[in-house]
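Me: I have a structure here that is new to me, and I'd like to talk it through with you. Could you take a look at it first?

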Amino acid sequence: MARLLVVHHSPTDAVRALTDAVVAGTRNDAVVGVEVVVRSALEARAVDVLAADGILLGTPANFGYMSGAMKHFFDTVFLEAGGALGADGTAGAAGRGKLPYGLWVHGRYDTTGAVRSVQSIVQALPWVQAAPVLEVLGAVGTDERDAAYELGCTLAAVVEPV
């Protein structure tokens with residue numbers, strides 16, 4: 001059975017609505033053979049990442065960056081999860097990734113910096129983007145929840161046990 005890890009920081013109603021929709025999508029009846037493991041960004045560990053066949057990340061945009069909780073997740077798991085560092089200590093290119101991942105970001109006015117901050121770290125991990133980033137601004141309505149549900153379905157459909 002494939003394992004899909006959902007790591008999120010959902011401190012607001014809007015981000016929680018997106019998280020709930022993503023998780024519901026991962027559990028769509030059409031997707032079989034996928035175990036979904038949901039962890040808050042402050043609880044997820046490298047062992048969770050290493051046991052996963054795919055990963056979904058969700059964060060609010062805070063001051064032009066990912067949430068502190070999501071940054072803590074990356075700080076905690078980066079090296080154990082296969083992260084590569086350059087000679088100067090910055091994130092290096094991990095090479096060809098194999099772990100499919102997806103990302104959703106919610107912001108009030110802008111998500112650009114938050115998306116960029118996550119992707120700059122992820123490019124140094126052995127992961128490959130498996131779906132377009134879901135960026136949501138402002139209120140979360142039916143269209144946004146539907147897009148989040150689709151993101152969850154997509155990742156659940158592409159994971160395969162390693």
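Me: Let's start with the second largest pocket: what volume does it have?
Reply: This is a predicted model, and in it the second largest pocket has a volume of about 220 Å³.

Me: Which residues lie nearest its centre?
Reply: The second largest pocket is lined by 17 residues, and those nearest its centre are Ala61, Asn62, His106, Gly107 and Arg108. By class, the lining of this pocket comprises 6 nonpolar, 9 polar and 2 charged residues.

Me: And which element gives the most to that lining?
Reply: That is H4, which gives the most with 3 residues, while strand S4 (99-107) and H4 each supply at least two residues of the lining.

Me: Staying with H4, what about serine 117, is it buried or exposed?
Reply: Serine 117, which lies in helix H4, is buried, because its relative accessible area is 5% and buried means under 20%.

Me: What does its side chain have close by, say from alanine 114?
Reply: A polar atom of the serine 117 side chain lies 2.8 Å from the backbone oxygen of alanine 114. Leaving aside residues up to four places away in sequence, serine 117 touches Tyr65 and Met66.

Me: Now a different helix. Which residues of H3 are buried?
Reply: In helix H3, which covers residues 68-77, the buried ones are Ala69, Met70, Phe73, Phe74 and Val77. Looking down the axis of H3, these buried residues fall within an arc of 145°, so they line one face of the helix.

Me: What's on the face turned away from that buried side?
Reply: That face of H3 carries the exposed residues Gly68 and Asp75.

Me: One more topic: where is arginine 39?
Reply: Arginine 39 sits in strand S2, residues 34-40, and is partly exposed, with a relative accessible area of 30%.

Me: Which residues does arginine 39 touch?
Reply: Not counting residues up to four places away in sequence, arginine 39 touches Leu5, Val6, Val7, His8, Ala44 and Asp48. With aspartate 48 there is a polar contact between the two side chains, at 3.4 Å.

Me: How far is arginine 39 from histidine 9?
Reply: Their C-alpha atoms are separated by 8.9 Å, although arginine 39 and histidine 9 are 30 residues apart along the chain.

Methods:
Residues numbered from 1 in each chain as written. Predicted model: local features only at pLDDT ≥ 70, side-chain atom pairs only at ≥ 80, totals over all residues. Heavy atoms only, no water. Buried < 20%, exposed > 50% of the residue type's maximum accessible area, 1.4 Å probe, protein only. Helix = DSSP H or I, 4+ residues; strand = E, 2+ residues; numbered from the N terminus. Arc of directions from axis to C-beta. Contact = heavy atoms within 4.5 Å. Polar contact = N/O pair within 3.5 Å; in protein donor to acceptor, adjacent residues only side chain to side chain. 1 Å grid on protein atoms, 1.4 Å probe; cavity = no way out; pocket = protein on both sides within 12 Å on 5 of 7 lines; lining within 4 Å. Points joined across faces, edges and corners; volume = space filled by probe spheres on them. Nonpolar A, V, L, I, M, F, W, Y, C, P; charged D, E, K, R; others polar.
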